[in-house]
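Biologist: I have a structure to look through and have not seen it before. Can you put it up and take my questions?

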Amino acid sequence: MSETENATEKTEQENPHAKVVLQAASAMTKASLTFVPPVIVACIVLFTILNGVPGLLGSLVGGVLAFLSALATLGMMRFSAGLDPMFVMVTALGGYVIKVAVLFGAMSLLRGVSALHPLSLGITMIVAVVVAAAVEFSAYRKTKIPTIIPA
């Protein structure tokens, strides 16, 4: 067994909540990796046809930023799985604030780049984030997670 598997197994034994969070994170990651990239590719193709190379570049940058943002959320779930539930919430809210600040900074830096079509970038980001949130929510709902975890 690898060191990571041993650490995950140890965490699950020490904290029963970790198993539930890791199970949800796995289902959500699988759903995101399955559905979000095709949507981003569709946006890239659409905006390339509509706006040429600037549409391609804007949509590509928007898709990458949105996809990294979605994966960062899932990474934070995995990172905080073994922590006390209060710290899981602190990590989630703190991570959200950091993600918004990073995305705002990236958008501010990219505002003056004429090679990017801003509407293509924005629409692709919005579509990718909404699709990621929807498939993550759907995957979470389909995951068999106990409401009450016995001690």
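Modeller: What follows goes from the overall fold to single residues.

Biologist: What kind of model is this, and how are residues numbered?

Modeller: This is a predicted model, in which local features need pLDDT of at least 70, side-chain atom pairs count only at pLDDT 80 or more, and totals for chains, interfaces and linings use all residues. Residues are numbered from 1 along each chain as its sequence is written, and side-chain values use heavy atoms, with hydrogens and water left out.

Biologist: Where is confidence lowest, and where highest?

Modeller: The lowest is helix α1 (residues 3-14), at a mean of 53, and the highest is α4, at 91. pLDDT is the predictor's confidence in each residue, from 0 to 100. For the protein the mean is 84, with 85% of residues at 70 or more. Where pLDDT is low, the predicted coordinates should not be read in detail.

Biologist: How many helices and strands?

Modeller: Four helices and zero strands, in the order α-α-α-α along the sequence. Helices (H or I, at least four residues) and strands (E, at least two) are DSSP runs, numbered from the N terminus.

Biologist: What span does α4 have, against what it should have?

Modeller: The end C-alpha atoms of α4 are 36 Å apart, which agrees with the 36 Å that its 25 residues should span at 1.5 Å a residue. The expected span is 1.5 Å times one less than the number of residues. Helix α3 (residues 85-110) has 26 residues and reaches 37 Å, close to the 38 Å expected.

Biologist: Which residues of α3 are buried?

Modeller: Thr91, Gly95, Lys99, Leu103 and Ala106. Buried means under 20% relative accessible area, exposed over 50%, and partly exposed in between (1.4 Å probe, protein chains only). An α-helix has 3.6 residues a turn, so residues three or four places apart point the same way. In the protein, 30% of the 151 residues count as buried.

Biologist: Why does Thr91 count as buried?

Modeller: Because its relative accessible area is 17%. Not counting residues up to four places away in sequence, Thr91 touches Met76, Phe79, Ser80 and Leu83, where contact means heavy atoms within 4.5 Å.

Biologist: Switching to α4. What about Ser120?

Modeller: Ser120 is in helix α4 (residues 118-142) and is buried, with a relative accessible area of 0%. Its side chain makes polar contacts with the side chains of Asn51 (2.9 Å) and His117 (2.8 Å). A polar contact is a pair of N or O atoms within 3.5 Å; within protein, one must be able to donate a hydrogen and the other to accept it, and residues adjacent in sequence count only if both atoms are side-chain atoms. Leaving aside neighbours within four places in sequence, the contacts of Ser120 include Phe47, Gly55 and Ser59.

Biologist: How many residues are in the largest nonpolar core?

Modeller: It has 26 residues, and among those with the most contacts inside it are Met28, Leu65 and Met125. Helices α2 (16-80), α3 and α4 each supply at least two residues, and α2 gives the most, with 16. A nonpolar core is a set of buried Ala, Val, Leu, Ile, Met, Phe, Trp, Tyr and Cys residues joined through side-chain atoms within 4.5 Å. Beyond its neighbours within four places in sequence, Leu65 is in contact with residues including Leu103, Ala106 and Met125.

Biologist: And where is Val113?

Modeller: In the loop between α3 and α4. Val113 is partly exposed, with a relative accessible area of 33%.
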